[in-house]
Amino acid sequence: MLDIRIPIGLLFTVLGLLVTAYGLITNVNLWSGLLMLVFGVIMLLLARKKKT
Amino acid sequence: MGNSIFHLQWIDYAIMIIYFLFVLGIGWVLKRYMKDANAFLEAGRSMPAWVAGLAFISTNLGALEVMGMTGSGAKYGMLTTHFYWIGAIPAMVFLAIFMMPFYYGSKARSVPEYLKLRFDEKTRGLNAILFAVMTVLASGISMYALALLMEKVLGWDFNLSLWLSAAIVLAYTYLGGLSSAIYNEVLQFFIIVIGLLPIVVLSLHEVGGWSGLKESLAPIVTEKGFAGDTFTTTWKYTGSANGNPMGVEWYGILFGLGFVLSFGYWCTNFLIVQRAMAAESTTAARNTPLIGAIPKMIIPFLIIVPGIVALVLMNKADSGFTIMENGKANYDLTIIKLLEYYLPTGVLGLGITALLASFMSGMAGNVSAFNTVWTYDIYQSYIRPATNDKEADAKHYLKVGRMATVFGVLVSIAAAYLAGLFGNIMDFLQTIFSMINAPLFAVIFLGMFWKRATGHGAFIGLLGGFFVALLHHGLTVPAGATTLVKGGWLGVIHTYPVEMAQSFWTAIFACASAAIIAVGISLSTAQRKTDDELRGLVYSLTPKIKEDHVAWHKRTNTLAIIVLTMMVILSILFW
């Protein structure tokens, strides 16, 4: 079965990058984006750890 | 488009589109695992406890809950947390420790099926039919509210919003069944938390933190005729109904909400219990409500505290913040107005996505519970029973489960249009159908802990409790009610200060009368089930679960102690 942490990690990494970039170009976007990015990466690392 | 509250930019739409692509993608990936009815309707009983636990709480975190509770925060302050602490946690702990071993261990695939195993066919049939109608009603009302909100907030066409949201829910539940609904509920949980978090931070930042909020509130609350700290405390002013804005005394909160209503909802509502029944083991199933209880206790800080800040903003002349609509305060708009007030383009898209996600998690939860009850408790029981060919049956019921998903969504759409045409009638029907929860808890509780309880006792107790609830609702009204939907449709013998007090007492009367009737009838009818048939279904006949093989920190009792301790600490901090 699919490890739910993979789609969660991917979604928040993509959204985090998008919102952070938008925040930099245009600070709530910046810190919300970074928060999502960190959360997304942690989820992906947890999924990877489980796989190995 | 001109009258809408928000004007979204490309980034907001991009966030929404990316989110929904992931939602549909999960359904698509899970499609390959849906080989039989067990996988589709029960998620193959394979969910880890943390996934089932977050889905357990996310199912309850629908948009009507988010919008309603933020509005209640502005109306009642921290008193609203009673719905999250005393009104949820004891019931979730009870479900985990005492009830999940029977639901899960009996191999019942639904709550109605447990009733069949413990009592008889007629008790199952009554519960299954009422539950099936209630879920499509709730799903339809949720769809209607979503489409109406999108029309008002974003200027989207009502019909487009309705059909688009229905199509997305249908797509991912049709493809991946209960697994897809549960996985997406976990995704929705995180998007709701992260989408609403900026509002909490920014709103508290503006009023100077918790102490600043208390200071700003004092004159506003005093003007309403309550003590200055009423809106930042939970139990302090519940000595009398007039001392708090909820209009309910401590014993009404403790017994009406903390016992009857919450136990009726959390312990017997299949929509909720289904998530725990999909867990991978008995220990995981028992831990599911306890894992869900932890975010449940934290959610008030995410949705109620911003509601309280909204009350301060409403009373600040230069803030420009208002929830007035046609000269009346519309508290359901509180969260929408907070999104508008605080969030710039970008995180605004995230906040709107969080709201959409919460609407859809409510809908998908109802649809996935409906298709299970329809397939197992109605179709398999009364239309096409199982044969000796288990493999062919599993494939056949998978097909029926998928058709039930389509049927459930289509009926929900019809219910949504009916809600638009006859809003009051639909609200009334939902109120009536929800009255079955309290008597159902009384009957299931007796069934689990008293082996003498009989099928006739359960059936008549369930019906009797339901009719007492109807009678109480028909003979009482909340003060200021302008429509029969709120009660008094048989005449008025008592007026409650607020609607909440009426619903608490309706549940108390229904539960008590169901229990008394069920005991009386059981004692006067023969028990047709043998002790062997009741093993695994009744507490006194079932071997106690030993968790010696489970690490101490993963044991149900350990988690239960942690959860209850957290609840007590929070209650003392905000006494």
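Guide: Between chain A and chain B the count of salt bridges is zero, a salt bridge being a side-chain nitrogen of Lys or Arg within 4 Å of a carboxyl oxygen of Asp or Glu. This is a predicted model, in which local features need pLDDT of at least 70 and side-chain atom pairs count only at pLDDT 80 or more, while totals for chains, interfaces and linings use all residues. Residues are numbered from 1 along each chain as its sequence is written, chains are lettered from A and ligands numbered from 1 in the order in which they are written, and side-chain values use heavy atoms, with hydrogens and water left out.

Polar contacts do occur across the interface of chain A and chain B, where three residue pairs are found, both partners at pLDDT 80 or more. A polar contact is a pair of N or O atoms within 3.5 Å; within protein, one must be able to donate a hydrogen and the other to accept it, and residues adjacent in sequence count only if both atoms are side-chain atoms. On the side of chain A that touches chain B, helix H1 (5-25) and helix H2 (28-51) of chain A each supply at least two residues, and the largest share, 11 residues, comes from H1(A). Helices (H or I, at least four residues) and strands (E, at least two) are DSSP runs, numbered from the N terminus. Sorted by class, that side of chain A has 19 nonpolar, two polar and one charged residues, where Ala, Val, Leu, Ile, Met, Phe, Trp, Tyr, Cys and Pro count as nonpolar, Asp, Glu, Lys and Arg as charged, and the others, Gly among them, as polar.

The size of an interface is often given as the accessible area lost when the parts come together. Chain A and chain B bury about 2400 Å² between them, with 88% of it on carbon and sulfur atoms; buried area is the accessible area (1.4 Å probe) that two parts lose on being put together, summed over both. The contact, meaning heavy atoms within 4.5 Å, takes 22 residues from chain A and 31 residues from chain B.

As for chain A itself, this chain has two helices and zero strands, and its C-alpha atoms fill a box of roughly 40 × 15 × 10 Å, taken along the principal axes. Of the 52 residues in chain A, 48% are buried, which means under 20% relative accessible area, whereas exposed means over 50% and partly exposed lies in between (1.4 Å probe, protein chains only).
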